[in-house]
Amino acid sequence: MTLVLDEEELWILECRKEAHIDERFHIRDVIKKVKAEYGTSRSTVYEIVGYLEFHGHIKMNKAGNREIDESVAYFVTCLGCGKEIPGSEYVKENGKTVCEDCYLEGHQKIKFADPVAVRSKKLFRKQHGFEGTDGLTELQKEIYGFILEKGGATPEKISKLFKLTLQETRNQLAILRHCELLK
């Protein structure tokens, strides 16, 4: 059985990591931190720690302190795409737990109407002697050809046809716009 942690359970683990550098922790330190940062009640913290103990992620050592067992794998559900990702591979973005793909997609937006980018791309293409589809990737050439063939297309239609996310499609269209191939 795979252990999939929800948002509150991740709060507990993160607060434990912030409260102590070593792997041992006292639950009162975690309760204080979780109450201060997230407003979670003491009973909820005990319930979550009990849940994590039940699944073997937290264990008691000989001194009576709780320890995180790093050998127990756990997963987190990405709030962006819903995919289960290993607990060591998630990214916190504006308080949300997302996978690296969703994080990058959210930060790699190319502006469609950017006069500086248009001028820069125009100068670059002129300096390198590029005309038409010269200097484009194969994907950009295919998208451009499809749009010319159909006389236009929506980003949603292009996304489905080329199996791209909507943001990836918008980025490709923005590049074609910067090359002044699309209006």
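The sulfur of Cys99 sits 3.6 Å from the closest cysteine sulfur, in Cys102, which is too far for a bond. A disulfide here is a pair of cysteine sulfur atoms within 2.5 Å. By this rule the count is zero disulfides. This is a predicted model, where local features need pLDDT of at least 70, side-chain atom pairs count only at pLDDT 80 or more, and totals for chains, interfaces and linings use all residues. Residues are numbered from 1 along each chain as its sequence is written, and side-chain values use heavy atoms, with hydrogens and water left out.

**Cysteines**
- Cys99 is buried, at 3% relative accessible area (buried is under 20%, exposed over 50%, partly exposed in between; 1.4 Å probe, protein chains only).
- Cys81 is partly exposed, at 43% relative accessibility.
- For the sulfur of Cys81, the closest cysteine sulfur is in Cys78, 3.7 Å away and too far for a bond.

**Domains**
- Domain 1 covers 4-105 and domain 2 covers 109-179; the bounds come from an automatic or database domain assignment.
- Their C-alpha centres lie 42 Å apart.

**Helix packing**
- Helix H6 (residues 138-150) packs on helix H8 (residues 166-178) at about 80°, with axes 10 Å apart.
- H6 is therefore roughly perpendicular to H8 (65 to 115 degrees; under 35 is roughly parallel, over 145 roughly antiparallel, the rest oblique).
- Leu139, Gln140, Ile143, Tyr144 and Ile147 of H6 meet Gln172, Leu173, Ile175 and Leu176 of H8 (contact means heavy atoms within 4.5 Å).
- The residues of this contact comprise seven nonpolar, two polar and no charged.

Methods. Axes fitted to C-alpha atoms, helices over the stretch in contact; angles between N-to-C directions. Helix = DSSP H or I, 4+ residues; strand = E, 2+ residues; numbered from the N terminus. Nonpolar A, V, L, I, M, F, W, Y, C, P; charged D, E, K, R; others polar.
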